Amino acid sequence: MRCKYRTVLAIDGGGIRGIIPLTLLKHIEKTCYDIDPDVDMINWIDVFSGTSTGAIISGALMLRDEKERSIFTPDRILDLYLKRGHQIFSKDIALNSAMPEYPLKLILENNFGEVNVSGISKHFLFVSYDMNADAPFIFTDRMDMYRSLSLSKVMMACSAVPGYFPPVKLGDKQLADGMLTAKNPSKLAYEYARMYYPNDPIVVISLGTGELPKEEHDMIELEMNRVHQEMETYARKDRNLIYFRLQPNIIEANHSMDDTGHENMVNLISDANTYIEENNHVFDRLFKLMTIRADAYQ
């Protein structure tokens, strides 16, 4: 038994602000479990997608043990961000590191380096950018030539901010942070899911890393919101698409993507929890969809 909808998870880029979607995911997972202990919301996701920090989170969520249980739950990933965020996302550490390997690379390899893409059974789409070609680059599970890559290398290739971390060399490619392609990967992920499920109802859960005031919107933020508006248009026209965009306002936290101070990380959680409290009706609708059971996709 499983959810009768195909489910796509898309997580925005945003550095340490990845704490926001992790807090939302933790709430979704816990509430689904409280409704039905047999529900494993993460296991019901058919396509995982992410940009930058979103690729790290989605990549970790895909991993299952031999009994198909989550290895990295939202709570465990959140704990990693809280404990190691200052090493993963601090630009000061990246620029001043005297180590032969960057902390971001070391932490990703330590946690995900033993897993190759070939060992992942889920569909995925992770967003990167090829500095050599000055063009987008997308990792998916359909790319047979890259199935021997480690998951940690894919994560690094999607999150290496130019000027702070060296790009990841892959053949003639120099791959860097996917926010240069699309901070919000929801449209790319939805179109990819349609390749596998052309006729099935699809639920897209798009998780943002915090809405900035309009006066602070740059080209990346404007593109992020344009993608959101396109997805809303798709959902109005397509009866087989249900689209959720969960995007808290940043109120207490710093808008910076590399403020890894303890107080700011606590404030990011607080902003996410404020959003949850103020949008119970949205989560209630999502929970109802996620706990509908059917035999259709056994």
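Me: Are Phe-124 and Phe-126 buried or exposed?

Reply: A residue counts as buried under 20% relative accessible area, exposed over 50% and partly exposed in between, with a 1.4 Å probe and protein chains only; by that rule Phe-124 and Phe-126 are both buried. The model is predicted, so local features need pLDDT of at least 70 and side-chain atom pairs pLDDT 80 or more, while totals for chains, interfaces and linings use all residues. Residues are numbered from 1 along each chain as its sequence is written, and side-chain values use heavy atoms, without hydrogens and water.

Me: How are the rings of Phe-124 and Phe-126 arranged?

Reply: Rings of Phe, Tyr and Trp (its six-membered ring) pair if their centres lie within 6.5 Å, and planes under 30 degrees apart count as stacked, over 60 as edge-to-face and the rest as tilted. Here the centres are 5.1 Å apart and the planes lie at 20°, so Phe-124 and Phe-126 are stacked. By contrast, Phe-283 and Phe-287 are tilted, because their planes are at 35°, with centres 6.2 Å apart. Both Phe-283 and Phe-287 are buried.

Me: Which residues line the largest cavity?

Reply: A cavity is a set of points, on a 1 Å grid over the protein atoms alone, where a 1.4 Å probe fits but cannot get out, and its lining residues have an atom within 4 Å of a point. The lining includes Phe-124, Phe-139 and Tyr-146, and ring pairs link Phe-139 and Tyr-146 with Phe-137 into a cluster. The largest cavity has a volume of about 40 Å³, taken as the space filled by probe spheres set on grid points joined across faces, edges and corners.

Methods. 1 Å grid on protein atoms, 1.4 Å probe; cavity = no way out; pocket = protein on both sides within 12 Å on 5 of 7 lines; lining within 4 Å.
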